[in-house]
Amino acid sequence: MSKQDTGKKDSGLERFLMNVADNAEAALREYWQERDNETRRYATEYVTRRGLLPQ
């Protein structure tokens, strides 16, 4: 295997791993956003049910 082939293979692997990292970061960001929205929704419902917040 020549150095050029190895370089191309390494470049392809690096590109693949960067895509995996980007996808994981996006999924984590989406998870935290959904979790934050769910927490806010629960808190609003709780406060409204307790009569602490006018409807």
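Hi everyone. Let me start with one term: a residue is called buried when its relative accessible area is under 20%, exposed when it is over 50%, and partly exposed in between. Take Asp36: its relative accessible area is 35%, so Asp36 counts as partly exposed. Please keep in mind that what you see here is a predicted model.

Now, the overall picture. The chain has 1 helix and 0 strands. Helix 1 covers residues 3–49. How much of the chain is buried? Of its 55 residues, 0% are buried.

Arg40 is exposed, at 53% relative accessible area.

How many salt bridges are there? The count is 2. The other pair I'd like to show you is Glu25 and Arg29, whose side chains meet at 3.4 Å, N to O. Here too, the residues are 4 apart in helix 1, so about one helical turn lies between them. Glu25 is partly exposed, with 47% relative accessibility. As a reminder, side chains of opposite charge can pair when their charged atoms come close.

Last stop: a nonpolar patch on the surface. Leu13, Phe16, Leu17 and Val20 make it up, and together they have about 380 Å² of accessible area. Phe16, one of these residues, belongs to helix 1.

Technical notes: Residues are numbered from 1 along each chain as its sequence is written. This is a predicted model: local features need pLDDT of at least 70, side-chain atom pairs count only at pLDDT 80 or more; totals for chains, interfaces and linings use all residues. Side-chain values use heavy atoms; hydrogens and water are left out. Patches are made of residues with over 30% relative accessible area and no salt bridge: like charges are joined within 9 Å, nonpolar side chains (Val, Leu, Ile, Met, Phe, Trp, Tyr) within 5 Å. Accessible areas come from the Shrake-Rupley method with a 1.4 Å probe; for residues, only the protein chains shown count as cover. A salt bridge is a side-chain nitrogen of Lys or Arg within 4 Å of a carboxyl oxygen of Asp or Glu. Helices (H or I, at least four residues) and strands (E, at least two) are DSSP runs, numbered from the N terminus. Buried means under 20% relative accessible area, exposed over 50%, partly exposed in between (1.4 Å probe, protein chains only).
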